[in-house]
Each structure stands twice: as C-alpha cells, then as structure tokens.
Amino acid sequence: MHGFIDEKQGEPQKVSLLSFLYLLNAMQVKATHRIKHGFTICVRSFLPVGAGLGSSASYSVVMATGLLILSGLIPADFNTSPERDQYLDMINSYAFRAEQVIHGNPSGVDNAVCTYGGAKTFVRGQGFSTLEGFQSVRLLLTNTKVPRSTNALVASAGQKKEKYPQIMNPILDAMDGISVRCRDAFKGLALGEITEKELMQELGDLVVLNHCLLDAIGVSHPSLEKVKSITSESGLKTKLTGAGGGGCAVSLIPSGGVGANAISLTDNENESWLLDLSREEIQKYL
C-alpha cells in the first residue's frame, strides 16, 4: 500500500489514503460487484483535521458507506431499507477498522456516533447505548490550531500506565466515575430528580475534574491551559477534547450567554465557534 503514497504528503493525508486502500481491499474480497474500472473520490472536510473533533471518524464512516455501496455489499437506499440497522452495523464495523488504521487503538466512540447519530454512552466490552435525558447543550468550541498525533498521545499515556500502574489506574478509574456520574445526571434530569440548572452546575464540576485528570496523565498542552484560563475569567468550565496535546477545547455555556473574553479568543491565535448541540441536530447532521 505504501507504493501508492507520496512521501511529500502530510501524515493525515497518508493515513487517510492507507485507510481507504485497506477498506477497498477488505471489501473487494467479499464484494458481489468486483470493481473493474477506475473511479474518483473527492473528500472535503469542514472540520479542522487533527483537532479532536472526530474528522477521521466522519471520513471513515462516509468512506466505508461509499465503498460498501460501490462493492454491492449494501444498497444505495440502505437508509430506508427494512434492514437499515444491519447495514448501519456493517458501516460502523468497517469504519472502526479504518479508525484502527488511522489511530491504532481507538475506542470506537467517534465512528459509532457518526454512524448512528444521537448522543451515546460507551463502555469498552459492553458497547453503546443512547444517553437518556440528553436534550441540548450550548458549547464554546475553541481550536488552538496546535497539531498533535492521537497515536503518539495514546501511546504515551499507555506507557505511563504500564510504568506507574498504582498511580495511573486510579486516575483512569476516576475518569470512568466522571462518565458514570455524567450519565446519571442526564438520567436524573429525564426522571425529574434534578433541574436543568442543577444539571449544568454538575456538568461544569465534572468538566473541570475531567480536564484536571487528563492534565495529570500528560495529554494537556500550554495552548489548552491558556484557553481554560481565559474562559474561566468569563465563568466558563473548559476541558480539552479528543486526544488533547493541542487541538480543541470545549467550554460549557450556561444560560445567559458568554463573556466578551471568551468570544475574543477568535481574535487571538485561536478560532472559536458557539454551538447549540441538540439531540435532533446530532441526529440530522452526523
């Protein structure tokens, strides 16, 4: 496969091409329609690449879908087919394999959300479930424009876990506890046990705790800490997203808006967007 790759290309382009060639080869082994002619694929991304926003998962899902259709393994109208769930499972499976080519040891969360839509909870070995009670969350997304490698960051954290298990394992367990508490908070909102204001207060606490733990295992970056500091002046709770090491930070927006300091991040070396992330919009666009 490396014979197809121009060494002058950047790393994102190389791994994207490798994942495409892998999928094409894997599908043609099982294809009902063997491809006997050339074809052109044009890919454009409106997401910053390598910034922790799931651009590789989006790419993997659309590439897997297109090649499955081209190979005759799923119909072009799969989304309206009675076997839709079965076809989505196949798309997700191939997209995950493409993510493995790109990242090495991904969780599978990003490609699952891109495939099925909605807000999901995930436990390795147990699979996915819909996040009960999720309605909408307002976010400030800030791209530090600092490039980083998910592979390298995950590998570094893995090495620390192997070297310092007595320290790293409790930190990872605490992160799991944060995820469980977040899931339970949304469920509590759905059951009427807490108010939306109480939910946002708890999510803010969990965001801060999660970022501190991620910093402790070495995946933060001075650029992310700067964003966290600036947004905190406006009362926002901020954490890194994706693998960290640069890329993007995400801040929770409470009811009542966001301060001028946070908005001015776009005027510095960063780029920011205000997002209203609703369950319906996730389902529509992912």
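Modeller: Let's go through the aromatic pairs, then a hairpin. This is a predicted model, where local features need pLDDT of at least 70, side-chain atom pairs count only at pLDDT 80 or more, and totals for chains, interfaces and linings use all residues. Residues are numbered from 1 along each chain as its sequence is written, and side-chain values use heavy atoms, with hydrogens and water left out.

Biologist: Okay, how many aromatic pairs does the structure hold?

Modeller: There are 2. Phe, Tyr or Trp rings (six-membered ring for Trp) pair if their centres lie within 6.5 Å; planes under 30 degrees apart are stacked, over 60 edge-to-face, the rest tilted. Phe-20 and Phe-39 are edge-to-face, because their planes sit at 70 degrees, with centres 6.4 Å apart.

Biologist: Is Phe-20 buried or exposed?

Modeller: Phe-20 is buried at 13% relative accessibility, while Phe-39 is partly exposed at 33%. Buried means under 20% relative accessible area, exposed over 50%, partly exposed in between (1.4 Å probe, protein chains only).

Biologist: And which residues form the tilted pair?

Modeller: Phe-134 and Phe-186, 5.6 Å centre to centre with 55 degrees between the planes. Phe-134 is buried at 6%, and Phe-186 is buried too, at 5%.

Biologist: Switching topic: how do β1 and β2 run?

Modeller: Antiparallel, with 4 bridges joining β1 (residues 120-123) to β2. Strands here are DSSP runs of E, at least two residues, numbered from the N terminus, and two strands pair if DSSP finds at least two bridges between them. Lys-120 has Thr-130 in β2 as its bridge partner.

Biologist: What's in the turn?

Modeller: The hairpin has 3 residues between its strands, and Gly-125 in the turn has a positive phi of about 90 degrees.
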